[in-house]
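Here are my notes on the model, as numbered points. Please read them beside the coordinates.

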Amino acid sequence: MISLIGFCSLCLSTIFSFVVLIPYSILQIKVKYLFFIFRSSTFLVCVSFVSLIFAYINSDFSNFNVFQNSHSNKPLIYKITGAWGNHEGSILLWVCMISIYGFFYSIFGKSFNDFKITVLKIQSALFIIFALFIIFTSNPFLLNPVLVEEGLGLNPILQDPALAIHPPMLYLGYVGFSLVFSLAIASLLKTNPDQIWIMEIRKWSMISWGFLTAGIALGSYWAYYELGWGGWWFWDPVENISLMPWIAGLALVHSVIMIRGEQAIEKWIIFLSILCFSLSILGTFLVRSGILTSVHSFAADASRGLFILLIFFVTTGFGLLVFLIKSPSKKNDLHLLLINKTSALIINNILMMIAVLTILLGTIYPIIIEVLTNTRISVGGPYFNSTVLPILLPGFLLMSVAPVLSWQTNKIKKFKIYVICFFILSAIVLLQSYFTNFNPWGFIGLILGVWIIFASILSIVLRYKFSITIHYVKTINSFIAHIGVGIMIIGITFSSIYQKEFNFNIAVGEEVILDNDFLKFQDTKIIEEKNYQSLIAIFSLEKKDRIVSYIETGKNYYPVSKTITSEVGIYHDWFKDVYIILGSENNDIWSIRVYLNPLVSFIWIGVFVMIFSSIIAVIKK
């Protein structure tokens, strides 16, 4: 019964969206009723998605999707997250969010009603395309043809708290760009000359980019503590797919800052708006087509993948066609100087687009080669580290001084102070690198991160009078975001360049030396949980004859799927993580792998600062 309610609600929501597409002059109804129809469509698709969640909570195995992805012994949180831990449920969440974004825009949008209706029509068209995809190819409400009493369970590596919120966060980022896309296309079709649409794109692109940042960070942290390989970024194809719209979105939120009525910048903003959503759809195709091998992949059905590829071409083609036919009417010239703020932002945008193209090439090149030659090749970390990072480095360096540049002149206020401070910092970092383990990439990363932080703080001190007010925080918000980037760069540099790895064979009661610390194997124990059996190895970390912390690592066995997963043990410190992976056992001797990851916590701190800055940017007036 609950599945029937969910399917009928989805169908009714799709019908309501079709009604929204009909010109309201033909319907002969008032504008407010058109808004009501759109909001009713949103309510119905939410009912549909909630119905799927209830089917999972109640372990309704008459629903084939629940049977395939759930089990009655799973904890409640994983029953709920199982609703979007599969292809069909995740696409339903996708269309639900498309409608929800349109719903909030219909309430909080500041544009004229005619423009808002155009935006909602485009949003409804996107909703209909994906809703039809669900109804005809990916229906999560199909009934199980046989009577069963138990389900097959959810993939064990997805049974994790971070994975409960990681996909929704990513989708809030991906799907948020659908509204940005709709705003951009509506701006090309509009007849009124107002510029409110630019402010709307600025707000919604920042919201989308902030959610995408949070989603990527959660996924990265999950990979760090769950997959057990000691790192937080692997240049996995699906990681790359999330990174591309993130970089394009970063270019977009910077571009809307420099708009001053120039036709070229307006065109660029519209192009980036189309690109961000197109990259989001492309990522959806690659994840669900089966042509990528990844721990993140949802499905391996080529027919579904071709359907999404068709959606990608239709949506992107339509957007680019309107973009080519229509263009902004303003003719103001760009105020370009050698080192003014506009020039710096344009250079940064160009570098970001080159980085996106480089990542895209490295991601799809193996696919093209396999299709043409039937030979599988891999493009991994060495390619991306040697191409993408050098492209982004000049952009990050430019970031440190861009906020203090002028829009109209080449002058930098108190330029000598910046130059002197830069050389002093360079000398300090050079000495630090020389007397430690010198690495050119480590030196570059450290000086870049420190300089971005220091230059941002220096700019705040020189330009603004300190006060404990929300207005002051809003004023210096761009510098706060850059400080977050600097902190993140330091964390990335140290955790990647100066990571140490140890491999030991150790028995209970023995201890090993980790630099200046001692790691002692205290004991092992077995715990029976509701849906798995856990083997836990307990270690104590000692410094100067004092136990700093106990670290638990181990393995989990899931009897339903007959799967064993590794559970990493991590001791978090401000300046270093001790990361332990339990290996195999032979005659009571256990193999363990230990990583010392310096300053890895700075990555998450930097991301948190950037997310905080995006929130401030959204509420900033």
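With which residue does lysine 525 form a salt bridge?

1. Lysine 525 forms the salt bridge with glutamate 552, and the closest N and O atoms are 3.9 Å apart. Lysine 525 lies in strand β3 and glutamate 552 in strand β5 (residues 546-558), so the pair ties together parts 27 residues apart in sequence. A salt bridge here is a side-chain nitrogen of Lys or Arg within 4 Å of a carboxyl oxygen of Asp or Glu. Helices (H or I, at least four residues) and strands (E, at least two) are DSSP runs, numbered from the N terminus.

2. On the source: this is a predicted model, where local features need pLDDT of at least 70 and side-chain atom pairs count only at pLDDT 80 or more, while totals for chains, interfaces and linings use all residues. Residues are numbered from 1 along each chain as its sequence is written, and side-chain values use heavy atoms, with hydrogens and water left out.

3. The classes are buried (under 20% relative accessible area), exposed (over 50%) and partly exposed (in between), with a 1.4 Å probe and protein chains only.

4. The whole structure holds five salt bridges. Another of them joins the side chains of aspartate 515 and lysine 500, at 3.1 Å from N to O. Aspartate 515 sits in the loop between β2 and β3, and lysine 500 in strand β1 (residues 500-506), so this pair links parts 15 residues apart in sequence. Aspartate 515 is partly exposed at 38%. Lysine 500 is partly exposed at 39%.

5. Glutamate 200 and lysine 203 also meet in a salt bridge, at 4.0 Å from N to O. Both lie in helix α9 (residues 196-226), three residues apart, about one turn of the helix. An α-helix has 3.6 residues a turn, so residues three or four places apart point the same way. Glutamate 200 counts as buried at 3% relative accessibility. Lysine 203, at 22%, counts as partly exposed.

6. Now the sheet. Five strands form an open, antiparallel sheet in the order β2-β3-β4-β5-β6. Its edge strands are β2 (511-514) and β6 (563-567), each pairing on one side only. The twist averages 25° from one strand to the next. Strands count as paired if DSSP finds at least two bridges between them. For the angles, axes are lines fitted to C-alpha atoms (for helices over the stretch in contact), and values run from 0 to 180 degrees between N-to-C directions.

7. β2 and strand β3 (residues 517-528) pair antiparallel over four bridges. Isoleucine 513 stands opposite phenylalanine 518, and leucine 514 has aspartate 517 as its bridge partner. The hairpin of β2 and β3 has two residues between the strands, and aspartate 515 takes a positive phi near 55° there.

8. β3 also runs antiparallel to strand β4 (residues 533-543), joined by 10 bridges. Threonine 524 stands opposite alanine 537 in β4. Four residues lie between the strands of this hairpin.

9. Helix α18 (residues 477-497) has 21 residues and should span 30 Å at 1.5 Å a residue; its end C-alpha atoms are 30 Å apart, which agrees. The expected span is 1.5 Å times one less than the number of residues. 17 of the 21 residues of α18 are buried, so the helix is largely enclosed by the rest of the structure.
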